[in-house]
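Here are my notes on this one, point by point. Have the model open while you read.

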Amino acid sequence: NEYRKDPLKLLNLIEYADDSTTLKRLSKTKNENKKVFARYLYEKTGEIIDSNSIFDVQIKRMHEYKRQLL
């Protein structure tokens, strides 16, 4: 979890770029997370999305003063 505070730690993953076992595990984890997101989105909005599609999600943090205006 060190990469959360230091994104450069992600460079350590380069050594696994050709490791099929690691790539399969990453793909499985990614697909599971996409299913969780699709289920969350359905619960919140009623929108049904295919978890096999490519997601482009943007999240923007709102500053506190902007939240206060809302």
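1. What share of the 70 residues in the protein is buried? Buried residues make up 4% of them, where buried means under 20% relative accessible area, exposed over 50%, and partly exposed in between (1.4 Å probe, protein chains only). The accessible surface comes to about 7,300 Å², and 52% of that belongs to carbon and sulfur atoms; areas come from the Shrake-Rupley method with a 1.4 Å probe, and for residues only the protein chains shown count as cover.

2. Before going on, a word on ground rules. This is a predicted model, so local features need pLDDT of at least 70 and side-chain atom pairs count only at pLDDT 80 or more, while totals for chains, interfaces and linings use all residues. Residues are numbered from 1 along each chain as its sequence is written, and side-chain values use heavy atoms, with hydrogens and water left out.

3. On secondary structure, the protein has 2 helices and 0 strands (DSSP runs numbered from the N terminus: helices are H or I, at least four residues; strands are E, at least two). F55 sits in the loop between α1 and α2 (64-69), and its relative accessible area of 24% makes it partly exposed. F55 and K34 are 21 residues apart in sequence, with 8.1 Å between their C-alpha atoms.

4. The structure holds 1 salt bridge, meaning a side-chain nitrogen of Lys or Arg within 4 Å of a carboxyl oxygen of Asp or Glu. E2 pairs with K9 here, the closest N and O atoms being 3.4 Å apart. E2 counts as exposed because its relative accessibility is 55%, whereas K9, at 34%, is partly exposed.

5. E2 and K9 turn up again in the lining of the largest pocket, along with N1, Y3, L10, N12, L13 and L26. The space there is about 200 Å³, and the lining divides into 4 nonpolar, 2 polar and 2 charged residues. A pocket is an open set of points on a 1 Å grid where a 1.4 Å probe fits, with protein on both sides within 12 Å along at least five of seven lines; lining residues have an atom within 4 Å of a point.

6. L13 and L26 also line the second largest pocket, with T22, R25 and T29. Its volume is about 150 Å³.

7. Y3, in the segment before α1 (20-45), is partly exposed at 37%. Y3, L10, L13 and Y16 make a nonpolar surface patch of about 370 Å² (residues with over 30% relative accessible area and no salt bridge, nonpolar side chains joined within 5 Å).

Conventions. Points joined across faces, edges and corners; volume = space filled by probe spheres on them. Nonpolar A, V, L, I, M, F, W, Y, C, P; charged D, E, K, R; others polar. Patch = residues over 30% accessible without salt bridge, like charges linked within 9 Å, V, L, I, M, F, W, Y side chains within 5 Å.
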